Amino acid sequence: MEGTVTQVLPGTMFRVDLAGSAKRARAYFRQKRKHFIRIIPGEKVSVELSPYDLTKARIIFREQ
């Protein structure tokens, strides 16, 4: 799914508004800590949602 980062939370967590719906999810990075990527609010990202809890997601790609 596509989404937009709206808020940066502590512990490399992010609040993401999902495109095409009025839902929000808490997302984290897929990469390990050594590949630190800075994400700021307003950036578009691709996320994959947890099948068990639709409020949790993992950031898999950041659009440039």
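Strand 2 (residues 13-18) and strand 3 (residues 24-29) run antiparallel and are joined by five bridges, where strands are DSSP runs of type E with at least two residues, numbered from the N terminus, and two strands count as paired if DSSP finds at least two bridges between them. The structure is a predicted model, in which local features need pLDDT of at least 70 and side-chain atom pairs count only at pLDDT 80 or more, whereas totals for chains, interfaces and linings use all residues. Residues are numbered from 1 along each chain as its sequence is written, and side-chain values use heavy atoms, with hydrogens and water left out.

Three residues lie between strand 1 and strand 2 in their hairpin, where Gly 11 in the turn has a positive phi of about 75°.Taken together, five strands close into a barrel with mixed pairing, in the order 1-2-3-5-4. The twist from one strand to the next averages 55°, based on axes fitted as lines to C-alpha atoms, with angles running from 0 to 180 degrees between N-to-C directions.

The largest nonpolar core has twelve residues, among them Phe 14, Ala 27, Val 47 and Ile 59; such a core is a set of buried Ala, Val, Leu, Ile, Met, Phe, Trp, Tyr and Cys residues joined through side-chain atoms within 4.5 Å. Buried denotes under 20% relative accessible area, exposed over 50%, and partly exposed the range in between (1.4 Å probe, protein chains only). Strand 2, strand 3, strand 4 (44-49) and strand 5 (56-62) each supply at least two residues of this core. Beyond its neighbours within four places in sequence, Val 47 is in contact (heavy atoms within 4.5 Å) with Met 1, Leu 18, Ala 57, Arg 58, Ile 59 and Ile 60.

Ser 46 is placed in strand 4 and counts as buried because its relative accessibility is 11%. The side chain of Ser 46 makes a polar contact with the side chain of Glu 2 at 3.0 Å, a polar contact being a pair of N or O atoms within 3.5 Å, of which, within protein, one must be able to donate a hydrogen and the other to accept it, and for which residues adjacent in sequence count only if both atoms are side-chain atoms. By contrast, Leu 54 lies in the loop between strand 4 and strand 5 and counts as exposed, since its relative accessibility is 51%.

Methods
Helix = DSSP H or I, 4+ residues; strand = E, 2+ residues; numbered from the N terminus.
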